[in-house]
Amino acid sequence: MASGSEPPATEEGLSTGGAPTVAGVRAYVPSARQLERERVRRRATVRSILIAAASTLVCGAVLVALVTSSPGWPRVQESFFSPSYARSSFIPVLQGLWLNIRVMLVCEVCILALGLLLAVARTLRSPVAFPLRALAAAYTDLFRGLPLILVILLLGLGVPGLRLQGMPNSVVFYGGAALVLTYSAYVAEVFRAGIESVHPSQRAAARSLGLSSTQTMRYVVLPQGIRRVIPPLLNDLTSLQKDSGLVSILGAIDAVKAAGIETAKSFNFTPYVVAGALFVLLTIPMTRLTDWVAARTTRRQGQGGAA
């Protein structure tokens, strides 16, 4: 092309004779066809949103009409959706929810740490480490098989009876310990799946560079494996937020127990609805974060990026 001549305009309109330049480089100018495509996409997106909103409103209206027209609705409304009882029980239930939040935060840290240790123990390949592998496998099989409520009852009612020296005398401690023991078994399997998903060539490459087995696991395998299982880990932590309410069966006054106390005063079940609504509000942010992380991971994998 001769010096000073204009580049031909393409179908996508990369540049035209009158296109602005930055440091001597012609700026991208979308063609009329590209602009039309973008307009069509925007119209389709708006149309889909409007259709989804209208469909949701119609379905919601039909559901509300079916429920409110049922013969027993007035009695159910009075027993479960009383505004006056909701107002009077809101503060006690909210104070109980603070205990659930503290239990959840402490247990999450302990579960992640213990679950990662169990997963690493199960993936050790040395024959010397066979006892560790066997113990880790037995642990995960045991606590994945036991119902969580049974573990809470066994710890909360059985361990204090041993009168062990130095053990705390707190039902919250034993309830939290049961959550940690049970959930760490599930989280360990999630971590193990992530570790084993790392291709063996990654280990071989790391060892060929002079890294030891421990260094390979720490710097090469674990970062990749953990990054791949973040969405299922967040799902487990979301379930933990709800199951933290099970500590109430040992007598701890959390949101569920506080709702039960308020219900016993009035024989109205609205406090349970208040507690349920607060748990839902507590869980929704984690659920949306999980969905966003899962979608982001899927997009990166579809684009050929690192998982």
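User: Which side chains does a polar contact of 2.9 Å join?

Analyst: A polar contact is a pair of N or O atoms within 3.5 Å; within protein, one must be able to donate a hydrogen and the other to accept it, and residues adjacent in sequence count only if both atoms are side-chain atoms. Here the side chains of N100 and D254 are joined at 2.9 Å. The side chain of N100 also reaches the backbone oxygen of S244, at 3.2 Å. This is a predicted model, where local features need pLDDT of at least 70, side-chain atom pairs count only at pLDDT 80 or more, and totals for chains, interfaces and linings use all residues. Residues are numbered from 1 along each chain as its sequence is written, and side-chain values use heavy atoms, with hydrogens and water left out.

User: Is N100 buried or exposed?

Analyst: Buried means under 20% relative accessible area, exposed over 50%, and partly exposed in between (1.4 Å probe, protein chains only). N100 is buried because its relative accessible area is 0%.

User: Which residues is N100 in contact with, leaving aside its neighbours within four places in sequence?

Analyst: Contact means heavy atoms within 4.5 Å. For N100 the partners are S244, G245, D254, A255 and F279.

User: Where does N100 lie?

Analyst: Helices are DSSP runs (H or I, at least four residues), numbered from the N terminus. N100 lies in helix α3, and A113 has its place in that helix, residues 83-122.

User: Why is A113 called partly exposed?

Analyst: A113 is partly exposed because its relative accessible area is 43%. A113 and V187 are 74 residues apart in sequence and 9.6 Å apart in space, C-alpha to C-alpha.

Terms used
Helices (H or I, at least four residues) and strands (E, at least two) are DSSP runs, numbered from the N terminus.
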